[in-house]
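Please work through each task before reading its solution.

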Amino acid sequence: MNYQNIKLEYHEQIAILTFNRPLLMNSLTVEMAQEVLDAFEQIRQNAEIHAFIITAQGKAFCSGAEINPSSFQNKNQTPAEYLNYHMQHHFNAWIEQLENFPIPVVVAMNGIAAGAGVGIALAGDITIAADEAYFILTFAPKLGLVPDMGTSWFLPHLIGTARSKAITLLGEKVSAQQAEQWGLIWKSVPKLELLDEALNIAKKLAKLPPKIAQHVRKTYAYANENNLLEQLNFEKDLQCQLIQTPAFFEGVIAFAERREPIFKG
């Protein structure tokens, strides 16, 4: 696919996907979502890539869905039918794929994350933000809608229900510094250092055992559903699977030899 809305680049074992609609605040369109899903497939198929970064050009990380009334004036579909189709096949599919991605994902939030852009910013394994970046939820106060693209799931799990409802209903900005204090993101950094910091993190993640990011995501997702006894059993069962992998044996040997492990696959 000849990308018009994003860029896909490679840096050693790291893929870098960049939203590239800076003049339009990297607002989301169906075409952009299709390009992102294609890029995900390219990354998954490349066995040399062990981590990847999502970032953006310009002042905004992502300003949410592009508001275009003509999009909802399709003679063959009601607005609800149009929205249902594209959320299922393009936008929600994007978040679902990140949740199941085989390698670790770093989000480097260069600027504003608004609306659906909040869900995207929180969908990676580790999110860092430029010190001038901020989050803002415009769904309820501006459009009479609820948060989507996973935002309503990510927020209460990360910062609790009280804060989630307040910033959703009030539409107040949450700065990168506040987001770090609340535990919404990993850290905020000076904007000029953002990509370097993202690359440093991605390089560390690229050295992890194969598929461990998937297992870690699943472990914490189950922890939100299980009681303590159920989670103890889940941990036990998964640990018994992982202890039989080559990664575990390499880790044991490396520990005995007092060196860093070198994981393959």
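**Exercise 1.** Determine whether Trp153 is buried, partly exposed or exposed.

*Solution.* Buried means under 20% relative accessible area, exposed over 50%, and partly exposed in between (1.4 Å probe, protein chains only). Trp153 has a relative accessible area of 42%, so Trp153 is partly exposed. Phe154, at 11%, is buried.

The model is predicted: local features need pLDDT of at least 70, side-chain atom pairs count only at pLDDT 80 or more, and totals for chains, interfaces and linings use all residues. Residues are numbered from 1 along each chain as its sequence is written, and side-chain values use heavy atoms, leaving out hydrogens and water.

**Exercise 2.** Classify the ring pair of Phe40 and Phe101.

*Solution.* Step one is the criterion: rings of Phe, Tyr and Trp (its six-membered ring) pair if their centres lie within 6.5 Å; planes under 30 degrees apart count as stacked, over 60 as edge-to-face and the rest as tilted. Step two applies it: the centres of Phe40 and Phe101 are 5.5 Å apart and the planes stand at 70°, so the pair is edge-to-face. Step three concerns burial: Phe40 has a relative accessible area of 0% and is buried, and Phe101 is also buried at 0%.

**Exercise 3.** Identify the residues with the most contacts inside the largest nonpolar core.

*Solution.* Such a core is a set of buried Ala, Val, Leu, Ile, Met, Phe, Trp, Tyr and Cys residues joined through side-chain atoms within 4.5 Å. The largest has 70 residues, and Phe19, Phe52, Phe61, Trp94 and Phe135 have the most contacts inside it. Ring pairs also link Phe19, Phe40, Phe52, Phe61, Trp94 and Phe101 into a cluster.
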